[in-house]
Amino acid sequence: AWSPSNETQLATGADDNKLRIWNTDTSESRELVGHEGEIISIAYSHDGITLVSASIDGTCRLWDVTNETQLRVFSGATAQVHHVVSSPNDGTIFASVGHDYTIRIWHGYTGLCIREITGTSIAEGSELDCDMLAYSPDGTVLACGISNSNNELWRIGLLDVNTAECVRTIDIVPDVGEPYFVAFRPPIPTEATLLSS
C-alpha cells in the first residue's frame, strides 16, 4: 500500500508475520512486529499517520507509522481476518472482514467494534464473502460480496455505513464466475478542481 501523505513510502505485509515500511528512493525498510500469523491485508489511514493490518492470527492491528509502534490490537474476529479498509473521511475508522463472514466496523482509537454485519442480517440464507470489501469515496457506503448458502448466486451489496442497511444489491451474471475483489472508482476531478490545484 502506498502512503497517501508520503510519495516515497510503501508498506507491505508478508508471510513472516511482519509489516515493512519501505523508502522507495533508498530501498531501506523498517519492520513492524506483533502479528502471530501471516499478514493478508493492510490499509493506510487517509492522513497516512496510521496503518491497519489484518492477519490469519484473527486480529487487526493499528500502527503508528512515524514511530513504528503498535497502538492497539483488535481481536473480535473468530477466524482469520482477510481484508481491511480504512474510511476515506475519518482516520479513526476502519472495517474488516474474514473467515467468520462478518464485517466489523472499528473505532481505531477506542478499540470498540461500532457495528457487526453478517450475511443473514442482509438477507435470509446469505453469507458474506471473506475478501470483498471497499469504502465508497465519501465513506458513507461499504461494498461487499454476498452469496447464498450454496455459492450459486453472487451479489455485490452496498451497505449504509451508519445503519448497516443494504441499500442496493447488484446481481453478478452467472457465467462471469465468482468475484474476488471490489473497488470504487475515485472521484474524477472537475475542471474547477483542476484549475485551482
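Mentor: Phe74 is a buried residue, with 2% relative accessibility. Buried means under 20% relative accessible area, exposed over 50%, and partly exposed in between, for a 1.4 Å probe and protein chains only. The model is predicted, so local features need pLDDT of at least 70 and side-chain atom pairs count only at pLDDT 80 or more, while totals for chains, interfaces and linings use all residues. Residues are numbered from 1 along each chain as its sequence is written, and side-chain values use heavy atoms, leaving out hydrogens and water.

Trainee: How many aromatic pairs are there by the ring rule?

Mentor: Rings of Phe, Tyr and Trp (its six-membered ring) pair if their centres lie within 6.5 Å; planes under 30 degrees apart are stacked, over 60 edge-to-face, and the rest tilted. The count here is 3. One of them joins Phe74 and Phe94, edge-to-face, at 5.0 Å between centres and 85 degrees between planes.

Trainee: Why does that pair tie together separate parts?

Mentor: Phe74 belongs to strand S7 (residues 69–74) and Phe94 to strand S9 (residues 93–98), so the linked parts are 20 residues apart in sequence. Strands are DSSP runs of E, at least two residues, numbered from the N terminus. Phe94 is also buried, at 2%.

Trainee: Which residues make up the ring cluster?

Mentor: Phe74, Phe94 and Trp106 are linked into a cluster by ring pairs. Trp106 is buried as well, at 5% relative accessible area.

How values were computed. Helices (H or I, at least four residues) and strands (E, at least two) are DSSP runs, numbered from the N terminus.
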